[in-house]
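Hi,

Here is the structure I promised to pass on.

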Amino acid sequence: MIRGGCLCGAVRFETPRPLRPVIACHCVQCRKTSGHYVAATAAPRGDVQITGQVQWYQSSPTARRGFCPVCGSNLFWDGPGTHLSIFAGTIDGDPGVRLAGHIFCADKGAYYDLSDDLPQADGDDPVLTTQVLDPS
């Protein structure tokens, strides 16, 4: 079981394995909400059990972002599809997944470089963002 939560502990979540590999999103919205870029994994929406009150912000016509209303921790991105994105830094311990690529690289901040050899997409990349690990 994967467990995690916000900085103050008011919001907690858990979900069974497997998770999608971590994808770094460099879009303007992710940069503005996090102060850098977002690294997120994902699990089937129905498998994520959340305790505590999540504040949701409708950041676009098709997506919303979930955060703790007490401490402000960014926790989730919820958009089209079957999975809920979970910000990797909010997971307790080692979730068993690693960074697998970067999306919206055309929007990345000018103050940093992408120096790893992972796949990079200028915008969205459905292949990267829909990967799910085989539980075996």
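A polar contact here is a pair of N or O atoms within 3.5 Å; within protein, one must be able to donate a hydrogen and the other to accept it, and residues adjacent in sequence count only if both atoms are side-chain atoms. The side chain of R65 makes such a contact with the side chain of Q29, at 3.4 Å, and another of 3.2 Å with the side chain of S59.

Please keep in mind that this is a predicted model, in which local features need pLDDT of at least 70 and side-chain atom pairs count only at pLDDT 80 or more, while totals for chains, interfaces and linings use all residues. Residues are numbered from 1 along each chain as its sequence is written, and side-chain values use heavy atoms, with hydrogens and water left out.

Back to R65, which lies in strand 7 (residues 63–67); strands (E, at least two residues) and helices (H or I, at least four) are DSSP runs numbered from the N terminus. R65 is buried yet has no salt bridge, and D107, the nearest side chain of opposite charge, is 9.9 Å away. Buried means under 20% relative accessible area, exposed over 50% and partly exposed in between (1.4 Å probe, protein chains only). A salt bridge needs a side-chain nitrogen of Lys or Arg within 4 Å of a carboxyl oxygen of Asp or Glu; Lys and Arg count as positive and Asp and Glu as negative, with His and the chain ends not counted.

Now the rings. Those of Phe, Tyr and Trp (its six-membered ring) pair if their centres lie within 6.5 Å, with planes under 30 degrees apart counted as stacked, over 60 as edge-to-face and the rest as tilted. That rule gives four aromatic pairs. F13 and F76 are edge-to-face, 5.5 Å centre to centre with 65° between the planes. F13 sits in strand 2 (residues 12–15) and F76 in strand 8 (residues 74–78), 63 residues apart. F13 counts as buried at 3% relative accessibility, as does F76 at 0%.

Y37 and Y112 form a tilted pair, because their centres are 5.6 Å apart and their planes at 40°. Y37 is partly exposed at 26%, whereas Y112 is buried at 9%.

Ring pairs also link F13, W56 and F76 into a cluster.

Best wishes
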